[in-house]
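Open the model in a viewer with residue selection and a cartoon display. The stops below go through strands and helices in turn.

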Amino acid sequence: NRGRAEQCGSLRSASHRPTSCSGQGLVLRLDCMTADPKPYLLMDVDGVLAPVVVDAPPPGFVRRVVQASDGREHQVWLNPTHGLWLNALRERFELVWASGWEHDAVRILEPIFALPGVTAIEFTQRPLFSVTLRKLPDVVAFVGDMPVAWVDDDLDSEVGLWASDRSAPTLLLKPDPGVGLTHLHSRELIAFSNSLAPGWRT
């Protein structure tokens, strides 16, 4: 079964139910406050929501100039339709930014896509321009044993091996960085959500 998750976009189904939750004193885990916690949807930005444009952007994308937290300005191409898709997917998933943008994704994309309250993973390795960010260790720590869908244009074989070894349902999607997130990816995410065991359906 090891090779299944190496092909990004393949579905992995497993019977995985949330563990029972019991409060100790006044301390309750956040993921225990709902009967059916949502699976995670980890979303990259560059190459997924902001495609790498060489000549002309894909249809539907609009040029925007955004300012990073370090004060530098960057030109990106964003598609308003992605905001509609992500808001619809939030009914099924707990959306999380898994991007080198980190909290800039929260600050910049929240008003553009109308996505309030999205968490961003902070990476141990600091994001550097033109240097591949190794996200896996921090992703592993963040998701624990929760079901997860991870959308990133730079998923490698190490990520595939991790996904195939998990007991929790795991979906990897690797968009073409020149095209970004497509309607087909959205449909695959919905299909993954529908495939989860009843204890994980939302």
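**Tour stops**

Select residues 62–67 and 73–78: these are strands β2 and β3, antiparallel and joined by six bridges. Helices (H or I, at least four residues) and strands (E, at least two) are DSSP runs, numbered from the N terminus; two strands pair if DSSP finds at least two bridges between them. The model is predicted: local features need pLDDT of at least 70, side-chain atom pairs count only at pLDDT 80 or more, and totals for chains, interfaces and linings use all residues. Residues are numbered from 1 along each chain as its sequence is written, and side-chain values use heavy atoms, leaving out hydrogens and water.

Within this pair, pick valine 66, which has histidine 74 of β3 opposite. Then move to glycine 71 in the hairpin, where five residues separate β2 from β3; its phi is positive, near 95°.

Next, show the open sheet of five strands, ordered β5-β4-β1-β6-β7 with parallel pairing. Select β6 (residues 148–151): four bridges link β6 to β7 in parallel. Valine 148 lies opposite threonine 170 of β7.

Finally, select helices α3 (residues 136–143) and α4 (residues 157–165), which pack at about 25° with axes 11 Å apart; the axes are lines fitted to C-alpha atoms over the stretch in contact, and angles run from 0 to 180 degrees between N-to-C directions. Show Leu136, Val139, Val140 and Val143 of α3 with Glu158, Val159 and Trp162 of α4, which make the contact (heavy atoms within 4.5 Å).
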